[in-house]
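Have the sequence and the model open while you read.

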Amino acid sequence: MSGATSPHAGMTRRNFLKTAGVAAGALGLAGAASMTTTNNWLAPAEAHAEAEDQVIYTFHQTNCGNRCSLKCTVRDGRMANIESNTWEEDQYSICCLKGLSEIQRIYSPDRIQTPLKRVGERGEGKFESISWEEAFDTVAQKLQESVDKYGGSSILFPYSSGLVYEMPLLRKLLGAQAICESGIDMAQGNGLDQTTGDATMGKGPYEVTDWVNTKTLIMVGVNLLESGMTDARFMFDAQEAGCNVTVVDPIFTSTASKADTWVPIEPGTDAALYLGMVSAILDNEWYDEEYIKAHTSCPFLVSTADGSMLKETSTAEDGTETATHYVWDGSRARLMDEVADPILEGTFEVDGVECTTVFSLLKENQKNYTTAWASEVTTIPEDQIIELARKYAQETPSFLLIGYGGNDKYSNADIAGHAMSLLPSLTGNIGKPGCGAGVRGNHYGCHSLTAKLGAWALPAEFVETPLEMQTPLMRTNPSSVHTVFNLGNTFVQHLGNYNTTKEWLKTLDFIVTSDIYYCDSVAWSDIVLPVCTGFETRDECGMIQVSKNHILLQMKVLDPLFESKTDFEIEHELCGRLGFGEYMPESTVDYVKAQLTTDDQAFKNVTYEKLKENNSIMRLDYPDGPYVGHTDQVYKTKSGRLEIYHEGMLGYNQELPNYESPIEAYADNPLKEKYPLQFVQARRRYRVHTQWWNSEWVNQIVPYPTLEINPTDAEARGLQSGDTVRIFNDRGEFSVTCLINNAARPGQVYMCEGTWCRDTGGASYQDVTNDTLIERGKVLPYGANIPMYDTLVQVEKA
């Protein structure tokens, strides 16, 4: 066993590598140093392998969303080249710099090389190397103790979205709770999905390749050219086909620079823009009356006394509830299925109850949200709001694209999603080629959206415990959780106000983290398990992934480096020690073959063997051409229509979208006297969340994180580019290098999200972010969001 070390940040990780050299030598390597840099051995590789080289096909498993298929060249047992694999749909045969740089990240000095045991206080980052035997025994013992004392619900598995295998069998066998991203990347979906009935956290079931059929594309808070580079070509294809692209964003982003129009907006006011556009559409009668009568809840009758809807409900055997609403036929109330041409506006009496229509309520509610009001709130000129609404309603087909950054990280994001949903509902810009609304997700909104993989079967009694509350709430409220099995850098990436998170972590009985790299969450663990990259495994293959109408196989490219193991191996070993070994597949090949055993006819030509023969990629049996959802105009709401009136939100005055300012970053907040700058953590092309901060090749281009600030704000603080600045508020502080940039909006500072603590003065950028959860989150489909952008700070020279 090695002596105690602190493999934390740059100054201590080197010491850790020294202690790991013995373990590396035992694996037959030339020592740890030879496998944690590419400088001494990497030679140029041609695009096509030489005779002695081995070519292997796999896919990129990290969570940029594009799941690129890769062609890897292995030379002398080491990765020598990465390039794009060939897809049947050649438009996807692409790979960005991040994927190519995996050739260097595989051998990063930040790799966790052996299992570790904490020897200092949690958070100190002091560990010693231990054997896998000790690590497995300790983790199994602690898991069993937690189950015996508190039950399976006492164990929480938070996991990163970039994983393709999140130990699902172990979670079910233990009866544990599990969650990915409880409070982020879902907030606008809280409003949008209540209208459409989709349970997608706002992701639209529309393929971006369909944008060539779009005439008006409005991107709000979307920096596609940075956060989705491999999809950027589809925006350019659309423009070449005649599509007019407008980007609405406080920052002059890369995507804004390539759009036809950039519309700068006051941060956190997207809902006001949508409400202003709705008023313009109503005032000018740009709505599609025939459509809203046939496919929306606009004709439905509502009691003026209490806001309840007049309807009859029924419940199917599977628990699905449907509703048939009453409408006015010109003389009396009748069920909607009985009326071909319902009345849209008016006040009527039904069995002694005064009623009106949803459309009438909407028009009355919109009197509060004139285009002049929207202009004042958003700082967008009124005539520009009206013209944007006109183009959207009249220069069709129109597509409204939103992002998981932008307004999704403000407290009023659910209202923005609801307000946004009114636009396609009123104009019929949904369910037709070139139309759509929602978050971009090419890996999601394709024909393969409906793909149904098989599963490795477990006895019926083994099920996960539903999440009892959002993980941000667990930090400050009593919960069942005593043990955390952390997969990835979730403590930093998924939670705001990191100081509150740290206090919670100190109270837990046991924390184990499995990860590839020594990220910030590792420091808070009792046991750390080194995980392979997606290129390494001892089995013949890794996992499979359905993406962009294809099925992709993750073949073994390399033997595991150092003492790392795959997530599947770790799960398998722990299940054996916990008495669950009989329920586990013997290998990932068995697991993958179980997934490929499915009744879904899209997979009828797919087998494991054929996938291997076809270079680990096959197109599923789907129609040609882009996927367009909702073409039948049947929605997954109780009525089967677009439901713009959210009856379940009556208690919060949000049955129709009513504007609320952000809870902290609003214009006249007195706190701005102390903390006058709004702080955004943007998504950039060189990183994905907390990943690629340790890529030497990427860091040659962007060597360190920067806080970008407008020249006016910099001058007022006496700042120059290159200065180290302190960013602080009452929650905490961190430091970073300043970069003066005209693209930054006055009053707003921003930096790339996911920055590691070693690059921000030893503290985290999440030390300052807002974590206040709105009260109505209790009844929203996905809970309250964490308003990380809804944050005020001050900046000064360090």
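R538 sits in the loop between β21 (527-530) and β22 (541-547) and E569 in helix α19 (residues 567-577), so the pair ties together parts that are 31 residues apart in sequence. This is a predicted model: local features need pLDDT of at least 70 and side-chain atom pairs count only at pLDDT 80 or more, while totals for chains, interfaces and linings use all residues. Numbering runs from 1 along each chain as its sequence is written, and side-chain values use heavy atoms, with hydrogens and water left out.

**How covered are the partners?**
- R538 is partly exposed at 40% relative accessible area, whereas E569 is buried at 17% (buried is under 20%, exposed over 50%, partly exposed in between, with a 1.4 Å probe and protein chains only).
- R334 bridges to D329, closest N and O atoms 3.3 Å apart; R334 is partly exposed at 22%, and D329 is partly exposed at 23%.

**The wider set**
- The whole structure holds 48 salt bridges.
- K409 and D408 form one at 3.9 Å between the closest N and O atoms, and both are buried.
- D185, D408, K409, R683 and E753 are linked in a salt-bridge network.

**Helix α18**
- Y498, T501, K502, W504 and L505 are buried in α18 (residues 498-507) (helices are DSSP runs of H or I, at least four residues; strands are E, at least two; both are numbered from the N terminus).
- They cover an arc of only 165° around the axis, which puts them on the same side of α18 (the arc is that of the directions from the helix axis to the C-beta atoms).

Notes
Salt bridge = Lys/Arg side-chain N within 4 Å of Asp/Glu carboxyl O.
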